[in-house]
Amino acid sequence: MATLTGKVAVVTGASRGIGKGIAEALGAQGATVYVTGRTAAAGTHELPGTIGETAVEVDRRGGHGVAVQVDHADDDQVAALFDRVRRDHGRLDLLVNNAFALPEDLTDEKPFWEKSLDYWTMVDVGVRSAYVAAWHAARIMVPNRAGLIVAISGYTGVTYTYGVVFGMCKTAVDRMARDMAVELQPHDIASLSLWQGLTYTERAQRNLAANPAMTSQAGTNPVGGCSPEFPGRVIAALAADPDVMRHSGGTFITAELAAEYGVTDVDGRVVPSMRAERGSPIWQPISRS
């Protein structure tokens, strides 16, 4: 039996990229996965991928995919999503906060004052949206005294990467996951954040092809690269761990947790930690404090 059969998960921002990979990995372990995102119709985004296509792939992997079109900048749409989960199942075992508003020119080498003030949208869909989703998720999880909330973050939480707002958002997500863990601990619900390095999403592959020089930069060095499904494999291991509370409150490098759980990438490769090159997490689990 798959390790997550009977479990219910929400993965935000899963039309493509890391969110899609996570949803697919959870589906491979038998989970019911609510796949959220704005792209419902093919051809409406410059990159391939829709929530429906991800849900179909979740089904193909052995889980049950449920596509729900959600703009995570719209609180009413987010509330409706979690109301649906409550009606459908009366429970929620896992929330993965992945939705993020990435500007098209994020990787351009320009200082913050030469970039648009619209970069602040990353705070709205990346930080605030994660808080709103966790707020709703906790209201389902707390009565059941079980659950896991995972925030997707990155080394940029402590290392300059691409600009001021991007780094600030990732640092905020790490701290938010930590403080949520403190308040969720009495209810046996875990909260943590995961640091991703270079992930071969559709956007990353496009950018690397357009600018090969990026491969020599620390943040986009292929040495530490992984598939979009890799973090999902690690999250599946966390969700199946009956002692996951020992990790609650911590910020973890995905590759290091993978080593702990014996998880490899889709091609069997062991993904290396980039701690020495890119920095160390600030927050340790509550259990180690």
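Helix α7 is largely enclosed by the rest of the structure in this predicted model, because nine of its twelve residues are buried. The buried residues of α7 are E229, F230, P231, G232, V234, I235, A236, A237 and L238. The helix covers residues 229–240 and reaches 17 Å from its first C-alpha to its last, which is close to the 16 Å expected at 1.5 Å a residue.

Strand β1, made of residues 8–11, is likewise covered, and on both of its faces. In a regular strand the side chains alternate between the two faces of the sheet. In β1, V8 and V10 lie on one side, A9 and V11 lie on the other, and all of these residues are buried.

| Partner of β1 | Sense | Bridges | Bridge partners |
|---|---|---|---|
| β2 (residues 32–37) | parallel | four | V8 with T32 |
| β4 (94–97) | parallel | three | V10 with L95 |

Between β1 and β2, which pair in the parallel sense, the chain passes through helix α1 (residues 17–28), and this β-α-β crossover is right-handed.

Together with F112 and V164, W113 makes a nonpolar surface patch of about 390 Å².

Conventions: Residues are numbered from 1 along each chain as its sequence is written. This is a predicted model: local features need pLDDT of at least 70, side-chain atom pairs count only at pLDDT 80 or more; totals for chains, interfaces and linings use all residues. Side-chain values use heavy atoms; hydrogens and water are left out. Patches are made of residues with over 30% relative accessible area and no salt bridge: like charges are joined within 9 Å, nonpolar side chains (Val, Leu, Ile, Met, Phe, Trp, Tyr) within 5 Å. Accessible areas come from the Shrake-Rupley method with a 1.4 Å probe; for residues, only the protein chains shown count as cover. A salt bridge is a side-chain nitrogen of Lys or Arg within 4 Å of a carboxyl oxygen of Asp or Glu. Helices (H or I, at least four residues) and strands (E, at least two) are DSSP runs, numbered from the N terminus. Buried means under 20% relative accessible area, exposed over 50%, partly exposed in between (1.4 Å probe, protein chains only). Two strands pair if DSSP finds at least two bridges between them. A crossover is right-handed if, with the strands pointing away from the viewer, the path from the first strand over the helix to the second runs clockwise. The expected span of a helix is 1.5 Å times one less than its number of residues.
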